Amino acid sequence: MIGFTLRRLVLLLPVFFVVSLVVFFIIHLVPGDPIDNLLRAGSSPEQRLQIAAKYGLDRSLVEQYFTWMGRLLSGDLGTSIIQGRPVSALIARNLPFSLELGIAALLFSTLTGITAGVIAASYQGTRVDDVITGFILLGSTVPSFWLGLLLILVFAVWLGWVPVSGARGWSSLILPTIAAGLGGIALVARVTRIAMIETSRQDFVTLLHAKGLPPFIIQLRHVLRHAMVPVVTILSLRIGWVLGGAVTIEYVFARPGLGSLLIRALNQRDYPLVQGCLLMLAMAVIIGALIGDIVQAAMDPRQREVRA
Amino acid sequence: MLLDLEMLRIRFGAFSPVDQVTLSVDRGQILGIVGESGSGKSLTATAIMGLLPRIGGQVAAGTIRFDGTDLVGLPEREMRRLRGGRIALITQNPMTSLDSMMRIGPQIDQAARLHLGLSRSAARARSLELMADLRIPDPASVYDLFPHQLSGGMKQRIVIAMALAGDPELLIADEPTTALDVTVQAQIVQILVDLARQRGLGLILITHDMGVVAQACDRVAVMYCGRVVELAEVDALFEHPRHPYTQALIRCIPRHDMARGTMSAIPGIVPSAAAQPPGCRFNPRCARVADRCRVEIPELRVGASGNGVACHVAEAA
Ligand SMILES: Nc1ncnc2c1ncn2[C@@H]1O[C@H](COP(=O)(O)OP(=O)(O)OP(=O)(O)O)[C@@H](O)[C@H]1O
Ligand code: SF4
Ligand SMILES: [Mg+2]
C-alpha cells in the first residue's frame, strides 16, 4: 500500500511539468494584456514599454516561462501585476473561503447523495424510487446560480432566517452549501443507485439472500461496500471542482474565494495571478484523483494484497 | 417426505417458463434434476428458496411442501428463517458466489450466527470445524483470506461450508461443478454425496451431466422446456428410459466402447420460451411423434411408486 502510494507520487512529477506548461501558456492565448489595465488613457508608447520591461513582459514567452518556473520551484508564485501584492498572499486570503464552502458542499452532497441512492436502489421500481429519481433529474438540470437566487429569495429575504450574502459566520454558509451541493447530490445519488442495482444482480448477493440475511443488512454491509468504488471515483474528480467550481455561487452570494479571484484576474489579464490560481486548481484536481486512487486501492482486497 | 413439489407453475407476468413440475426428495436421498440449458432447473431451485420475487417471478400454481408445510404463500419473515437455515443453496460459479471484499471466515459464520444464534467465537469455531470436515487445508489461515486468494475448487468448498453453516436438512446444489476443472468436479460431487449419506441431508443435485447422475443420484427428474417429463429411480431410468427425450439423452452419453464419431446428438434445437410448439413441447424433435402429440399436451402422471412420465406414446405402452 505504501509502495503503491509512493509510486503514484513519483508519477506526479511529469504530470506537474505538463500542467505547469499548460497553466503558463494558456492565458497568453487570450487577446489583450495587463498593461492596458495599468495605463491611463493617453499614455505614450514609451510608458508602455517601460511597464512591459518592469514585469519582464518584453522578453520571449519561453524566457518568461523559465523565469516563472524557476521562482515556482523555490516556492514563489510571483506578484500580481494589477494589485501589486504577492500572488501567494492573495490566494492564501481567498483559499479558506473556498475550502470552507467546498468541503461543506462536498460533505453535504456526498452524505445526502449516498443516502438517496441507497434508498432509491432499495425500493427500485416503486414510487419511492420514482420520486428520488425525479429529484435527481431536477437537481442535475436546475442551474446552481438560479437555485441560489431562489434560496436567497425564500430563506433570506422572505423568511429572514439567514444572511442574504457575505461570508460571516456559519449561518451564511448554509444557502451556498445547498446551492453548490445540489448538482453533487444528483450525481452521487445517481451513481450510487446504479452501482447498487448492478451489484445486486451479482451471484454473491443471491447467495446472501439464500443465507436468510435481512435485506437491509445485505444492502448496507455488502452491496453498498461494492457500490462505493465508482462513487469514490466521481467524488475524487469533484475535489478539484469543489475549490474552483463554485464561482457562480460565490458571485450570487457575494462571497470571496478562489473562483472569484480567478475571474477577476482573467478580466484584468493579470498573468501571474491567473497562473497562480490555475496552478492551485490543477493541483487540487490532481491530488483529488490521487486520493481517489489510493482510497480505491485500499478498498479492493485484490489491489491491497498484491501491491502491499 | 422432506420436500414435495406438486404441479408447480412459475410465472413472470403473463409468461410461464416452468409448469407441471412434480418431484420429491427424502432425508438422506439424492435427487438429480437434469435437462438442457433453459429447461427451468434453476428457476425451480429459486422457487424452493422463495427467491422468485427478487427476480420478478412468482409461483402461479402448485405446492412446495417442505416437511409438511407449504412454502407457497408462507410469509417472507418465516421463509427467511428457513432460508440458509433448514434449506440451503449452492450456486454454479464459485468465482462469483463469494463477496470479494469480505474475508472468507465471516462469510461462513453468517448463517450460524443468524440461524443457530451462535456468538462470534462459537460461529468461528463451527466454521473452522466445517472447513476441516470438507478437507480444506489449514482452516485457521484460510479463514482470514480473501476469496481471490483461493482456487476455484477451494472456493466451491467454502460455498459448501457456507451452506452447511446453518445446519440444513435440505441442500440444493445448482450445477455445483460446471465451472470447475474436471479433476476437481469429481471431488466436489463426492463431498456432496458423503454429506447426504453421512448427515442424512436431502440433496437436490442439478446438472447437465448424465454421468454425474448415474454416479451420485438415487432418483432423477428429467426436465424439458420447463416441464418434468420423466421421474424415476436412477437404475430404472438408465435401463428402461420411458420418455423419448430421456432415451435420446442417454444415447448422447459418450461411452468408452463407442467408435469415434458415432456419438449421437438429439436432432433439432430447444424451442425458445416464446415460441413453444402446440401440444407436446418435444414433438418437433421426437422420433416417435404421433398426430395427437401436435395438439394435446401430455400430462405428467405419477404412480404410487413416485415414478411417472409425460408422453402420450410411452404411457400407452
Ligand atoms: N428472471 C427471469 N425472467 C424471465 N424469464 C426467466 C428468468 N429467468 C429464467 N427465465 C426463463 O426461464 C427459462 C429457464 O431458465 P433456468 O435458468 O431455470 O434454466 P436452467 O435449466 O437452469 O438452464 P441452465 O442449465 O442454463 O442453467 C429460461 O429459458 C428463461 O426463458
Ligand atoms: S408425447 Fe409424443 S412428441 Fe411428446 S415425447 Fe411423447 S411421443 Fe414424443
Ligand atoms: Mg441454471
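These questions and answers cover a predicted model, taking chain B and its ligand, then chain A.

Residues are numbered from 1 along each chain as written, and chains are lettered from A and ligands numbered from 1 in written order. Local features need pLDDT of at least 70, side-chain atom pairs count only at pLDDT 80 or more, totals for chains, interfaces and linings use all residues, and side-chain values use heavy atoms, without hydrogens and water.

Reader: How do the residues of the shell around ligand 2 divide by class?
Author: The shell includes Cys280(B), Cys286(B), His312(B) and Arg288(B). Ala, Val, Leu, Ile, Met, Phe, Trp, Tyr, Cys and Pro count as nonpolar, Asp, Glu, Lys and Arg as charged, the others, Gly among them, as polar. A shell residue has a heavy atom within 4 Å. The division is eight nonpolar, three polar and one charged.

Reader: Which strands are the edge strands of the chain B sheet?
Author: Four strands form an open antiparallel sheet in the order E2-E1-E4-E5 (chain B). Strands (E, at least two residues) and helices (H or I, at least four) are DSSP runs numbered from the N terminus, and pairing takes at least two bridges. Those that pair on one side only are E2 (15-25) and E5 (69-70) of chain B.

Reader: How many bridges join E1 to E2 in chain B?
Author: Strand E1 (residues 3-12) of chain B runs antiparallel to E2(B). Leu5(B) stands opposite Leu23(B) in E2(B). The bridges number six.

Reader: What share of residues 103-123 of chain A is helix?
Author: UniProt's unreviewed entry lists 103-123 among the "transmembrane region" stretches of chain A; such annotations may be inferred rather than shown by experiment. The end C-alpha atoms are 30 Å apart, with 0% strand. The helix share is 95%.
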